Amino acid sequence: MSEMEKNEMETTSMMDALDSVQEVKIGDVVQGEVLQLEDKQALVGIVGAGLEGVVPLKELSTMPVEDINDVVSVGDVLDLVVITAIGKDKENGNYLLSKRRLEAKKVWEEIEEDFKNNKIIEAPVTDVVKGGLVVDVGVRGFVPASMVEDHFVSDFSEYKGKTMTFKIIEIEPSENRLILSHKAVVQEEKAEMKEKVLADLEEGAVVTGKVARLTDFGAFVDLGGIDGLVHVSEISHAHVAKPSDVLEPGQEVEVKVLSIDPEKERISLSIKETLPGPWADIEEKAAVDTVLDGVVKRLTTFGAFVEVFPGVEGLVHISQISHKHIATPHEVLTEGDEVQVKVLDVRPEEHRIALSIKALEEKEEEEPVVEETYEVEEESTGFTLGDMIGDDLDGMSE
C-alpha cells in the first residue's frame, strides 16, 4: 500500500471518528458514566461525546439526599439532561447535567396523562405549611386547606407522613404548579356510597348509623354515605328538649327508616321506634293499688295528667284530686308539681291509667251542723233554721 493510500485511510478514519462523536446541546438527553464521586457532586463522562460533565447532589434525585453514596456509585450509567455548558476550561467538566429534572419531566408527563384520564393518584404528605399540605408525587404537589377534607379541619399536623389519595385539580409543568384535592376524592366516594345506600335502603328497615351532627330540631345520622334525619320527637319516648341532652356526635345508634325520598335524597329516621315502648309491661310497673311518684304535666277542666314513667301519663280525675270540693284542678295543683298517686285502673291496650291523689290523703272529719232555734214572743213554739228554710221553699213553690 502506498503512502498516499495510507494517508487517505487515516483521514477517512478520523472523519468517521469525528462523525461518530455525539454533539451535545442544551436540553439533550444523554447518558453519563460516573467517573468520580465528591461530597456535593458526581463527575461523569458523556457516553459517545468524549466530554465530561458534573451532576450536583441536588440534581441526582427528586427526593432530598444527604449522602451521595446512597443514590449513585462509580461506574453507574445514568440518563441525564443537559442543563447548561460551563466552559471547556472549567476544572469540573464541560456541562452541568441533571438526573432529577429528567425524572421530573417523566413524572410531569405521567401526571398530565392521569389528569386527562381523571385518575385518582396516591402520594405521601411531606410537609404541613401555612394554607395547606405539601405532597410528593415525584414532583411537589400542593393541597390547599379547603381541599383537604369535606369538613373543617383546624389542625393539619397529624397529616404529615400520611399517604392519601388525590384528584388533580390544576397542572402547569412549566411553572412546576400542581394543585391536588383529597376533598374531591371523598366527595366522589360519598356520592357513590349515597347512590348505593339509597338503592338498598327500604322503609321499615332497622339499620345502624353514627350521629354526624346535632341541631335544635334533631340529629343527622350517617348511614354510610348519606345522612338521615331523626327529628327531636323521634329520639325518645320521653320528652327531649334538646338532642344534645341525649346524643353526641360520633355515637353509634340503631334507627328505623320511616320514609325515603330518593329524588330529594331525604331519609326520615326514628330511634324511639327501635326502643321498647313506655307502655310495655305497664301492668307490672303500675299494677292496681300501686303508689307511684309523678309530675303534673297538664291541667284540664276535668282533671290532671300526671307522668308516672317517661312517656307514660295517667289521669287524675277532678273527683280524685281532693276530698274537698274543687271547681277546677288549678285550685290545688300547678303544672310541674311533684305528687304521689295511687293506681286505680290500668288499660294497656288503650294506653290509659286512672290515678288518685286523694286516695293517699286522710279524709278530714266534717264539722257537725249546729241547729239554731229562734224564740218568737207571740208563740212559744221553736223553729229550726231548716224548718224556716223549708217553709220559704214551700212558699216559693206555690
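The model is predicted: local features need pLDDT of at least 70, side-chain atom pairs count only at pLDDT 80 or more, and totals for chains, interfaces and linings use all residues. Residues are numbered from 1 along each chain as its sequence is written, and side-chain values use heavy atoms, with hydrogens and water left out. Helices (H or I, at least four residues) and strands (E, at least two) are DSSP runs, numbered from the N terminus. Two strands count as paired if DSSP finds at least two bridges between them.

- Five strands form a closed barrel in the order 1-2-3-5-4, with mixed pairing.
- From one strand to the next, the twist averages 50 degrees; axes are lines fitted to C-alpha atoms, for helices over the stretch in contact, and angles run from 0 to 180 degrees between N-to-C directions.
- Helix 2 (residues 100-116) packs on the sheet and touches strand 1 (29-37), strand 4 and strand 5, where contact means heavy atoms within 4.5 Å.
- The direction of helix 2 makes about 100 degrees with that of strand 4.
- Strand 4 (residues 77-85) pairs with strand 5 (residues 95-98) in the antiparallel sense over 4 bridges, and Val81 has Ser98 of strand 5 as its bridge partner.

**Strands 6, 9 and 10**

- Strand 6 (residues 120-129) and strand 9 (residues 163-172) are antiparallel and share 5 bridges; the partner of Ile121 in strand 9 is Phe166.
- Strand 9 also pairs with strand 10 (residues 177-181), antiparallel and over 5 bridges, with Ile171 opposite Leu178 of strand 10.
- The hairpin of strand 9 and strand 10 has 4 residues between the strands, and Asn176 in this hairpin takes a positive phi near 50 degrees.

**Strands 11, 12 and 14**

- Strand 11 (residues 206-214) runs antiparallel to strand 14 (residues 252-261), joined by 5 bridges; Val206 is bridged to Lys256 in strand 14.
- Strand 11 pairs with strand 12 (residues 218-222) in the antiparallel sense over 4 bridges, and Leu214 has Ala219 as its partner in strand 12.
- A hairpin with 3 residues between its strands is formed by strand 11 and strand 12.

**Helix 3**

- The 18 residues of helix 3 (residues 183-200) should span 26 Å at 1.5 Å a residue, and the end C-alpha atoms are 25 Å apart, which agrees; the expected span is 1.5 Å times one less than the number of residues.
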